[in-house]
Amino acid sequence: MRFVMQEFEKIVCAVLFLGMTLIGFINVVVRYATHYSFAASEEVLTNGFLLLTVFGAAIAARRGEHLAVTLVQDALPRRAAQMVFILSVILSVLLLTASAWFSWVTLMNQIESGIRSYALGLPAWWYQIGLPFGFALIIIRYLQHAAETWHMQRREPQATPSV
């Protein structure tokens, strides 16, 4: 269970990517065999890419590979750099929280309105349901990485090695 919790977003991305690859392959086979396109594949693949992007961002956040411009922070004295780091964490979490909130509001709106997808006629919220949880997962993974980075920055390097 611990493995699943630590690697959840990787598992989701692997399953999504496998499913999207199979759907794309089936679409190519159907198109060449029958000269007709599997029209629903576009809808499924587009929404799959959206979910893959969000859960992939959670992987990047956990590894500390998210987009960051640290040129100013790196040029500052240590104390000022720590303050800039804290500010960047707060602003990042606020942005991700807003993204999670608005995707949740959109999800609720889709459920209440009963809107359906254009190709398959499925409830549109089926595609949207993973987004708020994906953004919440990015927040968790980003905070995990920020805590690790903070603890590494707080360690004072020893002037002389201990023997």
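Q: Which element gives the largest share of the lining of the second largest pocket?
A: In this predicted model, the largest share comes from α7, with 4 residues.

Q: What makes the second largest pocket a pocket rather than a cavity, and how much space lies in it?
A: A pocket is an open set of grid points, whereas a cavity is one from which a 1.4 Å probe cannot get out. About 240 Å³ of space lies in the second largest pocket. Of its 13 lining residues, the closest to the centre are Met5, Gln6, Glu7, Glu9 and Arg141. Two or more lining residues come from each of α1 (2-6), α2, α3 and α7.

Q: How do the residues of this lining divide by class?
A: There are 5 nonpolar, 2 polar and 6 charged residues. Asp, Glu, Lys and Arg count as charged, so Glu7, Glu9 and Arg141, which are among the lining residues closest to the centre, belong to the charged class.

Q: What is the volume of the largest pocket, and which residues are closest to its centre?
A: The volume is about 590 Å³. Among the 23 lining residues, His66, Leu67, Ala68, Ser92 and Tyr142 are the closest to the centre. α7 supplies the largest share of this lining, 7 residues. By class, the lining has 14 nonpolar, 9 polar and no charged residues.

Q: How do you know that the span of α2 agrees with its number of residues?
A: The expected span is 1.5 Å times one less than the number of residues. For the 27 residues of α2 this gives 39 Å, and the end C-alpha atoms are 39 Å apart, so the two agree.

Q: Why are some residues of α2 called buried, and which are they?
A: Buried means under 20% relative accessible area. In α2, the buried residues are Glu9, Val12, Cys13, Leu16, Met20 and Asn27. Just after α2, His35 takes a positive phi of about 65°.

Q: What makes a set of residues a nonpolar core, and how many residues has the largest one here?
A: Its members are buried residues of the nonpolar kinds listed for a core, joined through side-chain atoms within 4.5 Å. The largest such core has 24 residues, and Phe55, Val89, Phe135 and Ile138 have the most contacts inside it. At least two core residues come from each of α2 (8-34), α3 (40-63), α5 (78-113) and α7 (130-154). α3 gives the most, with 8 residues.

Q: Which residues is Phe135 in contact with, leaving aside its neighbours within four places in sequence?
A: Phe135 has heavy atoms within 4.5 Å of those of Val54, Leu96, Ser99, Ala100 and Ser103.

Technical notes:
Residues numbered from 1 in each chain as written. Predicted model: local features only at pLDDT ≥ 70, side-chain atom pairs only at ≥ 80, totals over all residues. Heavy atoms only, no water. Buried < 20%, exposed > 50% of the residue type's maximum accessible area, 1.4 Å probe, protein only. 1 Å grid on protein atoms, 1.4 Å probe; cavity = no way out; pocket = protein on both sides within 12 Å on 5 of 7 lines; lining within 4 Å. Points joined across faces, edges and corners; volume = space filled by probe spheres on them.
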